[in-house]
Amino acid sequence: MSVTHMLEVSAKNLRTRARISAHAVFDILARPCRDTVDPTPWHAPAITPDWLTEHVGRDRGVRALGVEVTGGDNGSSVRRSLTVDWSRPAVTGDLPRHLFVKVTPTALTRISSGMAARAEGFALTAIRPDLAIEAPVCLYSSRDSISGRSIHLFEDLRAHGVTFCNHTTVIDRARADGIVDLLAELHGTYLSPRVDREQVDALPLPRYEQFFDVGKAGGTDAGHEAAITQAAHLVPDRLLKRRDEIWPAAERARDAHAAAPRTVIHSDVHLGNWYITPDGRMGLADWACACKGLWARDVAYAVTTALAIDDRRRWEMAMLDRYLRCLRDRFGVTVEVDEALRAYRQQMFAALVMWTPTLCPAPGFPDMQPEATSLEMIHRICTAIDDHQALDAI
């Protein structure tokens, strides 16, 4: 990338940030009326009975009679629970009473979720319905590119008794197999020789390289370096001595996506985005980072973050073999073991640089994860990199 092009990109990013920040300040000061039915409300309390009737209920012949916004949490988006009274009782296939919404009311959430909001909306509304996987059903999705507002509205899975995972959740072997089975279903659907490569390339999702580059332009490389220093006590000594080689390895992992057939990847498959259904199936939520890229990114990222270190050491090769067999037997996609193992090792670095910047966010990025979670993920990924001596193996 030339210096002139870099300056042009930086100037464009500054203009975009300034415009979105101005709109966010206006929304906070003016607090647009609750009686509007704007397709993209600026925060959760703007989701009124009239809004729900217009955008969710009307096509189903249902009116919302009342709505209550309850607790949630904040990160790269603001997440809230909704309880809705509909004009007729909920029945099978009808609108659920308990909903879950992701919105972006602040400048930080709008800037950090810009590309993500577009990708998540498409993944949830156009890709998810065609996949035989456990994942949230999106009832409504909208994004306003001028103001940066976005909204994704789901059925609240907690009403069905699902358990959302966190960094303390124990993933046993059956759950681990469920993780790789779901990823094989997602990836194989778009790697299959029955699918037109040009159609996959044309999907309105960013390429992984764009996702990586947007983060780097925002300062994730600096956040990575600061985090390695802060988490040094969790990085194996052999790897810590070669810390200057880690970011370049992540950039090589980025470049590898252009050299292989692309599929749709979730791209943020850490343990906190998985959930467990009451009958024990693994489900995958939060598709904000969905993009087109190399299958190994998801597999390396999921295996190294979802499993306790000793379990990963015992099971990872069997899990990789299970994944490859599923690709071959179900979708007719053959990946040689040596090639797969090299890609698996390489994409560990791409997984790591998702987590180091969450420990030390760059200016303009919100705190996205609790410190304890970031430290545990960094520890697990760095240990996997060291176990495989991945800096040399790739």
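**Entry 1**

I looked up threonine 163 and found it opposite isoleucine 276 in S8. Strands here are DSSP runs of E with at least two residues, helices are runs of H or I with at least four, and both are numbered from the N terminus. The model is predicted, local features need pLDDT of at least 70, side-chain atom pairs count only at pLDDT 80 or more, and totals for chains, interfaces and linings use all residues. Residues are numbered from 1 along each chain as its sequence is written, and side-chain values use heavy atoms, with hydrogens and water left out.

S6 and strand S8 (residues 274-276) run antiparallel and are joined by 2 bridges. Two strands count as paired if DSSP finds at least two bridges between them. I then traced the open sheet, whose 3 strands follow the order S6-S8-S9 with antiparallel pairing. Strand S6 (163-164) and strand S9 (282-284) are the edges, each pairing on one side only. H5 packs on this sheet, touches S8 and S9, and makes about 45 degrees with the direction of S9. Contact means heavy atoms within 4.5 Å. Axes are lines fitted to C-alpha atoms, for helices over the stretch in contact, and angles run from 0 to 180 degrees between N-to-C directions.

**Entry 2: H5 against H12**

I followed H5 to its helix partner. The axes of helix H5 (residues 173-191) and helix H12 (residues 309-331) come within 9 Å and cross at roughly 35 degrees. On the H5 side I listed contact residues including Arg173, Ala176, Val180 and Leu183. On the H12 side they include Trp315, Met319, Tyr323 and Phe331. The contact residues divide into 11 nonpolar, 3 polar and 6 charged. Ala, Val, Leu, Ile, Met, Phe, Trp, Tyr, Cys and Pro count as nonpolar, Asp, Glu, Lys and Arg as charged, and the others, Gly among them, as polar.

**Entry 3: the five-stranded sheet**

Next I took the open sheet of 5 strands, ordered S1-S2-S3-S5-S4 with antiparallel pairing. Its edges are strand S1 (64-74) and strand S4 (138-143). Neighbouring strands are turned by 20 degrees on average, direction ignored. Helix H2 (residues 49-57) packs on the sheet and touches S1, strand S2 (78-86), S3, S4 and S5. The direction of H2 makes about 95 degrees with that of S1.

I checked S5 on both sides. Strand S3 (residues 98-103) pairs antiparallel with strand S5 (residues 150-155) over 5 bridges. S4 is also joined to S5 by 5 bridges, again antiparallel. Isoleucine 151 is the bridge partner of valine 103 and of serine 142. In S5, 5 of 6 residues are buried, meaning under 20% relative accessible area, against over 50% for exposed and in between for partly exposed (1.4 Å probe, protein chains only). The S4-S5 hairpin has 6 residues between the strands, and its glycine 148 takes a positive phi near 85 degrees.

Histidine 43 sits in the loop between helix H1 (3-30) and H2. Why does histidine 43 count as buried? Histidine 43 counts as buried because its relative accessibility is 14%. From histidine 43 to valine 103 I noted 60 residues in sequence and 5.9 Å in space, C-alpha to C-alpha.

**Entry 4: H14**

Last came helix H14 (residues 371-387), with 17 residues. In H14, 12 of the 17 residues are buried, among them Leu375, Met377 and Arg380. The cover includes helix H9 (237-240), helix H11 (295-306) and H12. Just after H14, glutamine 389 takes a positive phi of about 45 degrees.

Key. Expected span 1.5 Å × (residues − 1).
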